[in-house]
Amino acid sequence: MTSRATLAVAGALLALAMLFGALGAHALAGSLAPDRLQVYRTAVEFHFYQALGLLGVGLALRALAGAVLRTAAAVILAGTVLFCGGLYALALGAPRALGVSAPLGGLALIGGWLLFAFGAWRAHA
């Protein structure tokens, strides 16, 4: 992903995180069981963290070039969608089989952030 695309996606993810957080606080708080509401809140929390991190990756891409950094951005995005999306789905009552996307997304996030660290380490400004 380019810096421009990464920044745009990060902005969109932040807007969605805000929307989903407000939805959880206002519309879902009274209708979800406490355990499901906690899963939903965890999804919102990690959604924000990853979107903010992706914003940082987009800014880093402006100063540091490299295919590894661009790949890291894409992997972080995929991990965010899988991890947070899986948690949102579980919280809203999706079949537990869909929940397998959360740990896969978590692994993608770990891999994406390790790729970012590696790419930043070897990049030339």
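Predicted model: local features only at pLDDT ≥ 70, side-chain atom pairs only at ≥ 80, totals over all residues.

Visitor: What span should the 22 residues of helix α4 have?

Guide: At 1.5 Å a residue, helix α4 (residues 101-122) should span 32 Å, and this agrees with its end C-alpha atoms, which are 31 Å apart.

Visitor: Which residues of α4 are buried?

Guide: An α-helix has 3.6 residues a turn, so residues three or four places apart point the same way. In α4, the buried residues are S101, A102, G105, G106, A108, L109, G112, F116 and G119. Viewed down the axis of α4, these buried residues fall within an arc of 165°, so they line one face of the helix. They pack against α2 (34-63) and α3 (67-91). On the other side of α4, the residues L107, I110, L114 and W121 are exposed.

Visitor: How do helix α1 and α3 pack?

Guide: Two packed helices are described by the angle between their axes and the distance between the axes. For α1 (residues 3-28) and α3, the angle is about 15° and the axes are 11 Å apart. Angles under 35 degrees count as roughly parallel, and α1 and α3 are therefore roughly parallel to each other. The crossing of α1 past α3 is left-handed. In this pair, T6, V9, L13 and F20 of α1 meet A73, L77, T80 and Y88 of α3.

Visitor: Is A60 buried or exposed?

Guide: A60, which lies in helix α2, has 16% relative accessibility and so counts as buried; the cut-off for buried is under 20%.

How values were computed
Residues numbered from 1 in each chain as written. Heavy atoms only, no water. Helix = DSSP H or I, 4+ residues; strand = E, 2+ residues; numbered from the N terminus. Expected span 1.5 Å × (residues − 1). Buried < 20%, exposed > 50% of the residue type's maximum accessible area, 1.4 Å probe, protein only. Arc of directions from axis to C-beta. Contact = heavy atoms within 4.5 Å. Axes fitted to C-alpha atoms, helices over the stretch in contact; angles between N-to-C directions. Parallel < 35°, antiparallel > 145°, perpendicular 65-115°, else oblique. Left-handed = near helix turned anticlockwise from the far one by under 90°.
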